Amino acid sequence: MIALVRRAAPSQGWTYAAPILAVFLTMIVGAALFAALGQDPVVTIRTIFYDPLFSEFAWFYRPQLLVKGAPLVLIAIGLSFGFRAGVWNIGAEGQYIIGALAGAAVGLALYPMENRLIFPLMVLAGALGGWAWAMIPAVLRVRFGTNEILVSLMLVYVAEQLLASMALGAMRNPEGMGFPGSRNLAQYPSAANLELIAGSGMHWGVVAAFIAVIFAYIMLTRHVFGFQVRLAGLAPRAAAFSGVSPGGLILVCMGISGALAGLAGLFEVAGPAGQVSIDFNVGYGFTAIIVAFLGRLHPVGILLAGGLMALTYIGGEIAQSQLGLPAAAIQLLQGMLLFFLLAVDVLTHYRVRFGKGAEA
Amino acid sequence: MDFSAINPVLLLASLMVAATPILLAAIGELVVERAGVLNLGVEGMMITGAVCGFIVAVNSGSPWLGFAGAAVGGALLSVLFGLLTQYLLSNQVATGLALTLFGLGLSALMGQGYIGIKAPSFPDWHIPLLGDIPVIGEIVFQHDPMVYVGLLIVTAVWAFLTYSRAGLILRAVGENHDAAHALGYKVRAIRMMAIMFGGACAGLGGAYLSLVRVPQWTEGMTAGAGWIALAIVVFANWKPGRLLLGAYLFGGVTVLQLNLQAAGFAIPVEYLSMSPYLATIVVLVIMSSGRAPGSLGRIFHASR
């Protein structure tokens, strides 16, 4: 008989090894999947995980790593606080959209005025927009005990409809010949989130992501708030006895994740995307959930996981154009990664015993 | 705007059709949650069911086989969830989310060659006598067979949970898994069966979308229906009767907003499309005082 015995404390070694093992398992099973789809498995895996970094054209793809990784890291950092404390914000995608809309609204309202304060103002509006959208499930949870998972998720669909209505209506470019979509913010100097160093992919969103990682690290390891978050996650009753207000914790955790998701949306709409359009959101808010778990809800881990996930996005696009791999295959690969991580994680918390003595 | 374009009889009749996919998925999840397991992967199982059902139905030409295929597909995916949460003791919230993300990717991949094809439909059937009753017959008795299969499943689940010994055991496992284990019930096995039933029902609900309601395959076509089903379970306070009410309430909102769109109501389409999701939130706020099964979402690990 195989039996699982709970460890007194999570295994240090497996905490680090589990994500790596999960990535390898995903590669192996992914390769089998690609083979079943009629692709050369080795070539496909190399195209996805290796080519964006080290191939002949890597100079073109490496900046993309920052562009795609920044929103993922920014959102995942925010989510990690809540996930640690048992507050499940699943609606980051919606907060990302609303952040972009709020920020873009400020920029578009001030067009064509040129002023150095416009971009900072947009950043503020983006963060506030995301924060406000996250406050809806948070307040409902605290005030009425409503399930925040379901409410935050429902609000994603509401936000998507709002985005469509804005792109087609209020924010449509008046000089756009009737095409849907707003003015291009990237061509409006005061509002543009341009590359800080040309050709590096480094824009303000990337800077914000790195700052968020550092802040989160300090908060989590040195600040009393980080302690409260960890305590509430590990022992909710002990946290309540020691004076941590559960309601306050929900509001703060949801607020942080909403504001960061909103920021990610703003940086995207003012930079890489450039405009408010119907298909502006591409699922970063959901992929960030995978990033947060793969990074073990730890800031440094999230940074690495965000990079890896950005890699699969870019590699996936290359595989799509060069090998004709369907886009859905990458989505499947990302989902598989989270599955394997959750499965392997049993080794972090439990010891495996074989034989009859396993009953002990 | 022309309200006379909205026919109340047709409205009520299409309400039952609109409610059916949610009802099917929700009744499955209700059983899963009564067994103490929170499976947030309903959306993923639903969309996988939608694509499996569509593929089987197109290739076999039979919608019945399609629905059977959808149930099998949904159940297979749910086994993955069951293995992870029951045997590898993973967090149920995270695993459910993973199941949804995985299911969305898997379905998009499987359905690639099936975009733009029309699914075979149920042959027209006419329920004798009942279908001929004026007004009521038109509203209640002139639907495709799956509407009644859904109602049958709800009734069966209600009877199972209320009157059968097995139903009592399932509820015991959901209320207190340690006590149930101490009494000698196989907590994991019972939960696995419940999870598979939930997967099969979610699959049926998804297939109802792709085979009857739309009836086509498009990526991401469930559009949150699985999450709404989860919300309706909470609304129903984990009781099958109330579940029916919740699903029809939701079906009513959906159908009404579609009718208002068609009638050229003065509100933009996007805002009308939001209404089912907003209605779900309102319902959750009003009904969040219910009592969930005692062991819901908790990991069961028998130390001996």
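Two residues are in contact if their C-beta atoms, placed from the backbone, lie within 7 Å. The model described here is predicted.

On this basis, helix H2 (residues 41-49) of chain A was examined. Its buried residues pack against helix H1 (12-36), helix H3 (51-54) and helix H13 (299-323) of chain A. Four residues of H2(A) are buried: A:Thr44, A:Ile45, A:Thr47 and A:Ile48. They cover an arc of only 160 degrees around the axis, so they lie on the same side of H2(A). An α-helix has 3.6 residues a turn, so residues three or four places apart point the same way.

The two chains touch. In chain B, 37 residues are in contact with 41 residues of chain A. Three helices of chain B, namely H4 (92-110), H10 (225-235) and H12 (269-286), each supply at least two residues of the side that touches chain A. H4(B) gives the largest share of that side, 12 residues. By type, the side of chain B that touches chain A divides into 26 nonpolar, nine polar and two charged residues.

H12(B) was then followed along its length. The helix has 18 residues. From its first C-alpha to its last, H12(B) reaches 26 Å, close to the 26 Å expected at 1.5 Å a residue. Even so, H12(B) has a kink of about 35 degrees at B:Ser275. The buried residues of H12(B) include B:Ser273, B:Met274, B:Pro276 and B:Tyr277. B:Ala279, B:Thr280, B:Ile281, B:Val283 and B:Leu284 are buried as well. What covers the buried residues of H12(B) includes parts of both chains: helix H7 (148-168) of chain A, and H10 and helix H11 (240-262) of chain B.

The largest nonpolar core has 222 residues. Those with the most contacts inside this core are A:Leu74, A:Ile75, B:Ile22, B:Ala26 and B:Ile232. Helix H9 (residues 187-213) of chain B gives the most to the core, with 16 residues. Leaving aside neighbours within four places in sequence, A:Leu74 is in contact with A:Gly205, A:Ala208, A:Ala209 and A:Ala212, and also with A:Leu260, A:Leu263 and A:Ala264.

B:Gly167 belongs to helix H7 (residues 165-175) of that chain. With 17 other C-beta atoms within 10 Å, B:Gly167 is partly exposed. Beyond its neighbours within four places in sequence, B:Gly167 is in contact with B:Phe160, B:Leu161 and B:Thr162. B:Gly167 and B:Arg34 are 133 residues apart in sequence, but 9.5 Å apart in space, C-alpha to C-alpha.

Terms used:
Residues are numbered from 1 along each chain as its sequence is written. Chains are lettered from A and ligands numbered from 1 in the order in which they are written. This is a predicted model: local features need pLDDT of at least 70, side-chain atom pairs count only at pLDDT 80 or more; totals for chains, interfaces and linings use all residues. Ala, Val, Leu, Ile, Met, Phe, Trp, Tyr, Cys and Pro count as nonpolar, Asp, Glu, Lys and Arg as charged, and the others, Gly among them, as polar. The expected span of a helix is 1.5 Å times one less than its number of residues. The bend at a residue is the angle between axes fitted to the seven residues ending there and the seven starting there. A residue is buried if 20 or more other C-beta atoms lie within 10 Å of its own, exposed if 12 or fewer, and partly exposed in between; C-beta atoms are placed from the backbone. A nonpolar core is a set of buried Ala, Val, Leu, Ile, Met, Phe, Trp, Tyr and Cys residues joined through C-beta atoms within 7 Å. The arc is that of the directions from the helix axis to the C-beta atoms.
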